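Welcome! Here is a short tour for anyone meeting this structure for the first time. Take a moment to look it over, then read on.

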Amino acid sequence: MSKKIAVLPGDGIGPEIVAEALKVLDCLRSDFGVDVEIEHALIGGAAYDATGTPFPEETLKLCRQADAVLLGAVGGPKWEPLDYSVRPERGLLGLRAELELFANLRPAILYPQLVDASTLKADVVSGLDIMIIRELTGGIYFGKPRGVRTNDAGEREGYNTLVYSESEIRRIAKVAFDVAMKRNKRLCSIDKANVLECTELWRQVVVETHKDYPEVELSHMYVDNAAMQLVRNPKQFDVMLTDNMFGDILSDCAAMLTGSIGMLPSASMDKNGKGMYEPIHGSAPDIAGKGIANPIATILSLGMMLRYTFNDTVNADRIEKAVAQALEEDHRTADIYSEHTIKCSTVDMGNAIVGAMRGQE
Ligand SMILES: NC(=O)c1ccc[n+]([C@@H]2O[C@H](COP(=O)([O-])OP(=O)(O)OC[C@H]3O[C@@H](n4cnc5c(N)ncnc54)[C@H](O)[C@@H]3O)[C@@H](O)[C@H]2O)c1
Ligand SMILES: CC(C)[C@H](C(=O)O)[C@@H](O)C(=O)O
Ligand SMILES: [Mg+2]
């Protein structure tokens, strides 16, 4: 039976980059026998404009019925004056929460062809291959109480709550240890246990979980140091485990080591391996509509969908090889362009990747 993918292009560059990923999917269907059906739905600002909510019931229903979700990006200045509860980002956060996508995998891999595009020197960054595991449905993003209130002095104060239960920490720690076991058996847990009780508990629960994974070498690092170490000597890391907020920040930072934020895909999984797949970047309002966004993160997110939800390693490998070949042939969107390469549009990059796939056995 064919698999069903819910496609949510979203806002800004979302529709442009998703269109290129769908071209790749079409090629997999026509040339390599991948049996999937797709159905589109609205999310974010596009959904708000059409329906008055960034997270329509219909979208949630479709995503629940689908085997996997492919998302572009949400948000943009057009919707920023809106009340927080109806901001486009609520659509994305709502989906993550409703589908219980607690495990977010963000691989930061430097393609050898992009060593020059990295912000770091070749010897520090060549061969970089880090997996950031970010907790995605808890922490300060979702903790209650939250809001803006008037304090005793009569002024407004904003407040959010950083809270993690033991079970929430344990389940993401297990994911991280399992991933470490399949890689190089090295895990660094990132926290701020020197200041925050919540992340002190995080560290304790990670240490307890480690007892079931004695082969994994576990280390801990404070998040401020981790940010610094990422740009000083990133290859010291293999698997990094962290909470929702720290993972958001560290993954944008790691993206630049791979040449551009336009290179980093992600998988957000529930406990059964059902997932939503999206680039880690946003709707890039500054370049939206110009046809210059890098679609690679979205195309690689489709690859992660094949690998993790559909267990189709052959076609996941096919996508990754095609991306490498398009880069080898010097195709570059503006964000990764350097001298002696060919500057291309979003559509050109999609075409180059599809062309590389067709050229494969
Ligand atoms: N997952 C998501 O949907 C997601 C993620 C991050 C931010 N956002 C939202 O996107 C909006 C814009 O946020 P922002 O500007 O802080 O972050 P952003 O990631 O959208 O953009 C940051 C910078 O990176 C560049 N960039 C991003 N993706 C690119 C790509 N594929 N190719 C080339 N350049 C790219 C942009 O042009 C911009 O200069 C906000 O509303 C934010 O909330 C959404
Ligand atoms: C848009 C926003 C809610 C989102 C996050 O903070 O999780 C984004 O920055 C991301 O990294 O996916
Ligand atoms: Mg982010």
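## A buried proline

Pro88 is buried, as 30 other C-beta atoms lie within 10 Å of its own. Here a residue is called buried if 20 or more other C-beta atoms lie within 10 Å of its own, exposed if 12 or fewer, and partly exposed in between, with C-beta atoms placed from the backbone. This is a predicted model, in which local features need pLDDT of at least 70 and side-chain atom pairs count only at pLDDT 80 or more, while totals for chains, interfaces and linings use all residues. Residues are numbered from 1 along each chain as its sequence is written, and chains are lettered from A and ligands numbered from 1 in the order in which they are written.

You will find Pro88 in helix α4. Helices (H or I, at least four residues) and strands (E, at least two) are DSSP runs, numbered from the N terminus. Which residues does Pro88 touch, leaving aside its neighbours within four places in sequence? Pro88 is in contact with Asp11, Gly44, Gly45, Tyr48, Pro54, Val74, Gly75 and Trp79; two residues are in contact if their C-beta atoms, placed from the backbone, lie within 7 Å. Asp11 is 77 residues from Pro88 along the chain, yet their C-alpha atoms are separated by 8.6 Å.

## Two domains

The protein chain is divided into domain 1 (1-107 + 264-361) and domain 2 (119-257); these bounds come from an automatic or database domain assignment. The C-alpha centres of domain 1 and domain 2 lie 24 Å apart. Where the two meet, 14 residues of domain 1 are in contact with 16 residues of domain 2. On the domain 1 side that touches domain 2, α4 and β4 (103-109) each supply at least two residues, and the largest share, five residues, comes from β4. That side divides into nine nonpolar, two polar and three charged residues. In this count, Ala, Val, Leu, Ile, Met, Phe, Trp, Tyr, Cys and Pro are nonpolar, Asp, Glu, Lys and Arg are charged, and the others, Gly among them, are polar.

There is also a record to compare with. An unreviewed UniProt entry carries the annotation "domain: Isopropylmalate dehydrogenase-like" for residues 4-353; UniProt positions are given in the numbering used here, feature names are shortened, and annotations may be inferred rather than shown by experiment. The span is 41% helix and 19% strand, and its end C-alpha atoms lie 23 Å apart.

## Around the ligands

Of the 22 residues around ligand 1, Gly75, Gly262, His281, Gly282 and Asn294 come nearest. A residue is near a molecule or strand if its C-beta atom, placed from the backbone, lies within 6 Å of it. The shell around ligand 1 divides into 11 nonpolar, seven polar and four charged residues.

Around ligand 2 you will find Gly75, Glu89, Leu92, Leu93, Asp248, Ile280 and Gly282. Which helix gives the largest share of this shell? Helix α4 (residues 88-98) does, with three residues. The shell around ligand 2 holds three nonpolar, two polar and two charged residues.

In helix α8 (residues 223-232), Val223, Ala226 and Leu230 are buried. These three are on the same side of α8 because they cover an arc of only 45° around the axis, the arc being that of the directions from the helix axis to the C-beta atoms. On the other side of α8, Asn225 and Arg232 are exposed. The cover over the buried residues of α8 includes β8 (186-191), β9 (217-222) and α9 (244-257).

## Backbone details

Most residues other than glycine have a negative phi, and most peptide bonds are trans. The peptide bond from Lys144 to Pro145, however, is cis, with omega near 5°. Pro145 sits in the loop between β5 (129-135) and β6 (147-150).

Lys185 has a positive phi, near 60°, and lies in the loop between α6 (166-182) and β8. Is Lys185 exposed or partly exposed? Lys185 counts as partly exposed because it has 15 C-beta neighbours inside 10 Å. His340 also has a positive phi, near 70°, and lies in the loop between β13 (331-332) and β14 (342-343). With 7 other C-beta atoms within 10 Å, His340 is exposed.
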